[in-house]
Amino acid sequence: MSSASPHSELSVQRSALGVSPSAPAGSDNLLKSLDYSVLQQCMHCGMCLPTCPTYVETGRERHSPRGRISLMRAIADGELDVTRAFGEEMYFCLGCLACTTACPAGVDYANLFETARAEVERRQVLDTRQRRSVRWFALRLIFTRPRLLRFIGRLLWLWQRSGLQALSRSTGLTRLLPGRLAGLEPQTPRIQTRFSDGLIAPVERPRTGQVRHRVALLTGCVQDLVFSDVNRATVDVLLANGCEVITPRTQSCCGSLHAHNGDTASARELARRQLDAIDPGSVDAIISNAGGCGSHLRHYNHLLHDDPAYAERAAMWSRKLRDIHEWLAEIKFRPPAAPVGGAPAFPVTYHESCHLCHGQKVSRQPREILKSLPGAELRECGEATWCCGSAGIYNITQPETAGWLQTRKVGHVQATGATVVATANPGCHLQLENGLRAAAAPGSTPPVVVHPVVLLARAYAAEAAGRPS
Amino acid sequence: MSSSSSPSTPVPAPQPLPPAFVAALQTAFAAGSILTSREDLIPYGFDGTAALKQLPGVVVFPKDAASVSGVLKLARTHRVPVVTRGSGTGLSGGSVPVPGCVVLCLADMNRILELDAKNLTLSAEPGVITQRIYDAADAAGLFYPPDPGSMKISTIGGNVAENAGGLRGLKYGVTRNYVMGLEVVLADGSIVTLGNKCVKDVAGYNLRDLFIGSEGTLGVITRVLLRLLPKPGARQTLLATYASMDAAAETVSAIIAERIIPCTLEFLDQRTLRCVEAFAKVGLPTEAEALLLIETDGHPAAVADEASRIERICTQHQALAVRRAASAEEGVRLATARRSAFSALARLRPTTILEDATVPRSELAKMIRFINETAQKHRVEVATFGHFGDGNLHPTFLTDERNADEMHRVEAAMKEIFDYALSLGGTLTGEHGVGLAKKAYLPRQLGDATLSLLKTIKRSLDPDGLLNPGKIFD
Ligand code: SF4
Ligand code: SF4
């Protein structure tokens, strides 16, 4: 990490763990220092209730958007302390932002939720030694140090390929893991053989035709380890549509994990690093292909609005940030021609990543891409905009609700009869893959989960090769 | 807007409940069905009404009428007030707790019990969401018309208790017109059944109607029997835009004068229209001063005929443009967008106070003009939308509850608007109920004799005054 940066708010000392900067002067907590009108915006009409998964699951107002907002407001009004129960409630919320899509009043729940979690961390009401270590390890150590993250990814890869994973599974060694971790072990994603830097050159230009746009690609951290093929496919479809693609090396985490988990200081520091690595003035667009990252990346302007050195650059960054589907639709991407011999027909359904549809309001464009694929028959699935239960690290912290959502989601997907499920976020991808695999009847093949852009890249490739994809 | 509390007016401290009462409830209810912690109670301290907030003492979630009866008996023994609640979307404070009360939340009583296609009835527990009733009827080729703005989350029990209206009131009436029977738990815990599946029934007093719109002050509704209609064969939605509110109002009068009763005849002024469009993005023309959303339904031939006559009348009355929804789905999208109007207005100012003054249809244009003049006079912002076809207006004050001076002006304007509505032969509330929000104005509308009749009824059914006390009247 750039501990030399004069703006660094980050320290990797254990004493400073997960503690955000203290609340601004004149107030004794972050919710109080928030512009009151943001809290007041909720007029408790209840229109968001039926779309909130945790409310639908429990039927209790405390687990609803307006219930949570009323608790935040009670804290701002001095009617409630930041208690452990409040902290737990803030972490029971999925952060899926379905409520923001449903809310006619335009309540900025994302802001409220991040502020509330930051306050929970600042007050350490959920603090335990174990939680502190896990947070330090994840938020402060691994996800701030791209080289370390990739090194760990490499180790995991070795573990998986060397047969050690299989060995420890067959010998029952994994049973020695503590309960929750043992349950998760089969979900460990398969690490890619090559990460993005090994698949993508720093600058790539379209081989034919003129360059119409110049874009920077964000490779993400989990995406890079587990889905570097999605990054490669993103470059391919951009090239096929006249974009020159700049991909800076060894990119850091975008900070969304930190912002959603109440570590604002790290989130701000990571945003500055992104802005140091990519000059938004030098490109037409900055492309993200992971729903969760994009939703956070778009709000750098808000995150750094009070940083004199970075505010302006952050504002330009936010203006140029595009989700890949959004960008492709904006530049009128070329629909792939059906290759000679015709493409085999396949039913595909689309699962909307929460932070793509609710966080970024990108919903139509991925479907346009899917519909453009030769042979694809788009079948809508029920509750396509519902959270799948992945929600960052929610499936680790709240396995029950996550499992309930996963089962619900898998049921809707299976009901479509689709053989391909398209989705554009690594967390959703893994959650769906695991859920569909577990639910598949013995001997049957579960639907394949894939990023829409990978399908598009394949269709372009098939078209070029003149054979069915 | 929201909870009441401007920082200057602290919430009244919760009154402690008798410990024996809480202990008895704790024995009767499983852990997840009784709430007592502060974090659990705060979210039950309000409903959809602006600026009203009160922490309850305890919240319980009964599963059946017997359990409701048990709570009422206990409450009577310990003299604890009882406030019944569904999804808490009411707009007059009907389900806002009173100090030291038990909130009886019926959200867990959420089963549809029977759909009787032979008798065209549906029987349900009170916690069923209105939209589910509509959908269940629709799936059977039937139709449940009442469609309050919050129907995707409001409960049927709440609809009956408030006698909720909706967008289809003009042609189809309100919730009352669809209630054939009720099961009610009385203040002493006895359970009565009022009404049945017979279309005709004159045995004894019609007490069923007494409970419809009683706002939880006379008993607790634990089951409803609803009347369904055959599903209309066709629907057509039209949008007409106007450069002036008067032209829109005249169009409405002309439609009615031509003996057309559309199913929906909704009006939105420019402010409302812009907020709704900002949220719903359904392509409303935001430059227009006024907009009419009209829907006709029925036999396909009749719908086609009515739609073209309505189109002609709109054009004759200076409509800037008349557009037909291209499909049934677009019609549904437009109606859904309209239902968001009240919440969407909250985009403009911190506090949104919704009123419900209703006048005979012939007086609509006058009423609207008066609302705008009054708002100007008191320097307050008002947006108006509503059900033009049935004279039910929703002038909505856009203000800030923390600005005391502005709130005074809002109150003054509101009072003048109520007085004027009454002088035109209107009512304080067309569909939201009196609750807490309008009870100060009720005596003026009802007069002494009527009010004391209401009180006599209340006393005879709830002698201890424990059912939703302080609502409608003191
Ligand atoms: S968050 Fe929005 S939709 Fe939900 S209660 Fe508040 S204002 Fe209504
Ligand atoms: S973010 Fe999702 S889980 Fe949290 S309150 Fe909103 S809808 Fe509910």
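Trainee: What area is buried between chain A and chain B?

Mentor: The size of an interface is often given as the accessible area lost when the parts come together. In this predicted model, chain A and chain B bury about 3,100 Å² between them, and carbon and sulfur atoms give 55% of that area. On the side of chain A, A:Met43, A:His44 and A:Arg60 supply 21% of the area buried against chain B, more than any other three residues. In terms of contacts, 34 residues of chain A meet 43 residues of chain B.

Trainee: How many salt bridges and how many residue pairs in polar contact are there between the two chains?

Mentor: Side chains of opposite charge can pair when their charged atoms come close. Across the interface of chain A and chain B there are six salt bridges, and 15 residue pairs are in polar contact. The elements of chain A that give two or more residues to the side touching chain B are helix 2 (36-40), helix 4, helix 5 (84-92) and helix 6 (98-102). Helix 4 of chain A gives the most to that side, with six residues.

Trainee: Which side chain does A:Glu61 meet in a salt bridge?

Mentor: The partner of A:Glu61 is B:Arg85, with an N to O distance of 3.1 Å. This pair crosses between chains: A:Glu61 is in the loop between helix 3 (53-58) and helix 4 of chain A, while B:Arg85 belongs to strand 3 (residues 82-85) of chain B.

Trainee: Are A:Glu61 and B:Arg85 buried or exposed?

Mentor: A:Glu61 and B:Arg85 are both buried. A further bridge joins B:Glu401 to A:Arg73, at 3.7 Å from N to O. These two residues also take part in a network of salt bridges that links A:Arg73, A:Asp77, A:Glu79, B:Lys53 and B:Glu401.

Trainee: How many salt bridges does the whole structure hold, over all chains?

Mentor: The search finds 63. One of them is formed by the side chains of A:Asp307 and A:Arg272, at 2.7 Å from N to O. A:Asp307 lies in the loop between helix 18 (300-303) and helix 19 (311-320) of chain A, and A:Arg272 in helix 16 (residues 264-277) of chain A, so the pair ties together parts that are 35 residues apart in sequence.

Trainee: Why does A:Asp307 count as buried?

Mentor: A residue is called buried when its relative accessible area is under 20%. A:Asp307 counts as buried because its relative accessibility is 4%. A:Arg272 likewise counts as buried, at 2% relative accessibility.

Trainee: Which residue forms a salt bridge with B:Arg349?

Mentor: It is B:Glu406, the closest N and O atoms being 3.2 Å apart. This pair links distant parts of the chain, 57 residues apart: B:Arg349 is in the loop between helix 12 (341-345) and strand 16 (351-354) of chain B, and B:Glu406 is in helix 14 (residues 404-423) of chain B. B:Glu406 counts as buried, with 9% relative accessibility.

Trainee: Let us turn to the nonpolar residues. Which members of the largest nonpolar core touch the most other members?

Mentor: In soluble globular proteins, nonpolar side chains tend to be buried together. Here the largest nonpolar core has 75 residues, and those touching the most other members are A:Met72, A:Phe86, A:Tyr109, A:Leu112, B:Val59 and B:Leu284. Helix 4 (residues 65-76) of chain A gives the most to this core, with six residues. A second, separate core has 53 residues, among them B:Val252, B:Ala319, B:Leu393 and B:Tyr441.

Trainee: What is B:Val59 in contact with, leaving aside its neighbours within four places in sequence?

Mentor: The contacts of B:Val59 are B:Ser33, B:Ile34, B:Leu35, B:Leu41, B:Tyr44, B:Val103 and B:Cys105.

Trainee: How is chain A divided into domains?

Mentor: The division is into domain 1 (6-123), domain 2 (140-187), domain 3 (196-330) and domain 4 (346-465). The C-alpha centres of domain 3 and domain 4 of chain A lie 23 Å apart, and 29 residues of domain 3 of chain A are in contact with 23 residues of domain 4 of chain A.

Trainee: What do domain 3 and domain 4 of chain A bury between them?

Mentor: They bury about 2,000 Å², with 73% of it on carbon and sulfur atoms. Between domain 3 and domain 4 of chain A there are zero salt bridges, but eight residue pairs are in polar contact. Helix 14 of chain A gives the most to the side of domain 3 that touches domain 4, with seven residues.

How values were computed:
Residues are numbered from 1 along each chain as its sequence is written. Chains are lettered from A and ligands numbered from 1 in the order in which they are written. This is a predicted model: local features need pLDDT of at least 70, side-chain atom pairs count only at pLDDT 80 or more; totals for chains, interfaces and linings use all residues. Side-chain values use heavy atoms; hydrogens and water are left out. A nonpolar core is a set of buried Ala, Val, Leu, Ile, Met, Phe, Trp, Tyr and Cys residues joined through side-chain atoms within 4.5 Å. Buried means under 20% relative accessible area, exposed over 50%, partly exposed in between (1.4 Å probe, protein chains only). Helices (H or I, at least four residues) and strands (E, at least two) are DSSP runs, numbered from the N terminus. Contact means heavy atoms within 4.5 Å. Domain bounds come from an automatic or database domain assignment. Buried area is the accessible area (1.4 Å probe) that two parts lose on being put together, summed over both. A salt bridge is a side-chain nitrogen of Lys or Arg within 4 Å of a carboxyl oxygen of Asp or Glu. A polar contact is a pair of N or O atoms within 3.5 Å; within protein, one must be able to donate a hydrogen and the other to accept it, and residues adjacent in sequence count only if both atoms are side-chain atoms.
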